[in-house]
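Good morning, and thank you for coming. I would ask everyone to look at the model on the screen before we go through its parts.

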Amino acid sequence: MERIEIHYQGRMHHIHHREPIRLSIRLCFADNPVNLYGVTPVSDEPLRYGNAVASVQFGGACNASRISLVPHCHGTHTECIGHILPDVHNVADLNFAPFIAATLIRVPLQRASAMKDSYNASAEDDDWVITREAVDDELTLLTSDYLQALVIATDELPWLPDGGGAPYFSHQAMVRITELGVQHLLVDIPSIDRLNDGGRMDNHRCFWGMTDPASPIAERQCTSVTELIHIPSHISPGHYFLSIQLPNLSGDALPSQPVLFPFS
């Protein structure tokens with residue numbers, strides 16, 4: 001394949017498909033540090049059937065493993081509105097375009113005690129928060145033509161493997177993101193909400209148009225959130241095309257591999 005060209009917003013784009021920027025964190029079963037909420041770590045073990053074991057190391061003819069993981073808790077994952085609804089919605093059923101117009105920004109964080117924005121009563125003064133002003137300030141440096149997807153990198157601050165101390169979005173920031181028409185939001189933090197927010201999940205409900213369950217916003221139900229991505233520090237803010245790769249499994253969330261492509 002020599003060239004991939006996409007006609008978008010009245011312009012022809014030459015995709016640099018040989019320069020992929022992978023945004024996923026490899027899920028290593030032998031040593032995976034992330035276990036949000038302190039859940040059991042991800043694991044795999046040789047398949048056992050009868051007296052046989054599927055492990056060449058232990059005398060089997062081949063290797064086959066049984067794996068245990070929680071997509072929401074163990075690594076890069078993409079989720080859909082089924083995350084907050086009682087009925088079944090599968091993220092693999094979303095109609096992801098092969099190439100999605102995307103904007104990458106890097107935002108500073110602010111202490112909850114110092115911000116003008118707000119969050120629910122679970123917020124604590126020393127929490128780190130992504131504010132509306134931080135999002136707007138970074139987006140003003142770029143055009144608004146590539147906001148089918150928004151990829152957000154935060155300041156590199158240490159947070160615990162169980163998610164303790166992780167940043168999250170203010171309510172005003174999430175409202176702004178939906179106002180911009182963003183269909184796919186990708187973040188390098190464990191959750192767009194505070195991990196321990198009493199189960200309110202206000203930002204998830206806002207993004208999926210469910211702030212008022214009696215009047216859901218239908219067009220928001222086909223959107224996605226991807227959390228726990230990794231954005232290499234040398235990758236510059238700007239416009240890209242995005243591909244979100246998923247296994248064809250059922251579930252409101254699945255391990256995923258988002259890939260950014262530069263273009264000219």
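Predicted model: local features only at pLDDT ≥ 70, side-chain atom pairs only at ≥ 80, totals over all residues.

**The cores, the sheets and the pockets**

The largest nonpolar core has 27 residues, and those with the most contacts inside it are Leu150, Ile152, Phe169, Met174, Ile177, Leu185 and Phe207. Two or more residues of this core come from each of the elements β9, α2, β12, α3, β14 (184-187) and α4 (202-207).

I turn now to helix α2, which covers residues 132-139. Within α2, the residues Ala134, Val135, Asp136 and Leu139 are buried. Their cover includes the strands β9 (100-107), β11 (128-130) and β12 (149-154), together with α3 (171-179).

Next, the sheets. Nine strands form an open sheet with mixed pairing, and their order is β3-β18-β16-β9-β12-β14-β15-β8-β17. Why is one side of β3 and of β17 left without a neighbour in the sheet? Strands β3 (21-22) and β17 (253-255) stand at the edges, and each has a single partner strand, so one side of each has no neighbour there. For β3, two bridges join the strand to β18 (residues 257-261), and the two run antiparallel. In this pair, Arg22 stands opposite Val259 in β18.

Further along the order we reach β14. Are the faces of β14 covered or uncovered? Both are covered: His184 and Leu186 on one side, and Leu185 and Val187 on the other, are all buried. Four bridges join β12 to β14, and these strands run parallel; here Val151 stands opposite Leu186. Three bridges join β14 to β15 (residues 224-227), again in parallel, with Leu185 opposite Val225 in β15. Leu185 is also among the residues with the most contacts inside the largest nonpolar core.

An open sheet of three strands has the order β10-β11-β13, and its pairing is mixed. Its edge strands, β10 (110-111) and β13 (168-169), each pair on one side only. Strands β11 and β13 run parallel and are joined by two bridges, and Val129 stands opposite Tyr168 in β13.

Five bridges join β1 (residues 4-8) to β2 (residues 11-15), and the strands run antiparallel.

The largest pocket has a volume of about 430 Å³. It is lined by 25 residues, of which Ile25, Trp159, Asp188, Ile229 and His230 are the closest to its centre. By class, this lining has 14 nonpolar, six polar and five charged residues.

The second largest pocket has a volume of about 210 Å³. Fifteen residues line this pocket, and the closest to its centre are Asp127, Gly164, Gly165, Ala166 and Arg194. Its lining has five nonpolar, five polar and five charged residues.

That concludes the presentation, and I am glad to take questions.

How values were computed:
Residues numbered from 1 in each chain as written. Heavy atoms only, no water. Pairing = 2+ DSSP bridges. Buried < 20%, exposed > 50% of the residue type's maximum accessible area, 1.4 Å probe, protein only. Contact = heavy atoms within 4.5 Å. 1 Å grid on protein atoms, 1.4 Å probe; cavity = no way out; pocket = protein on both sides within 12 Å on 5 of 7 lines; lining within 4 Å. Points joined across faces, edges and corners; volume = space filled by probe spheres on them. Nonpolar A, V, L, I, M, F, W, Y, C, P; charged D, E, K, R; others polar. Core = buried A, V, L, I, M, F, W, Y, C linked by side-chain atoms within 4.5 Å.
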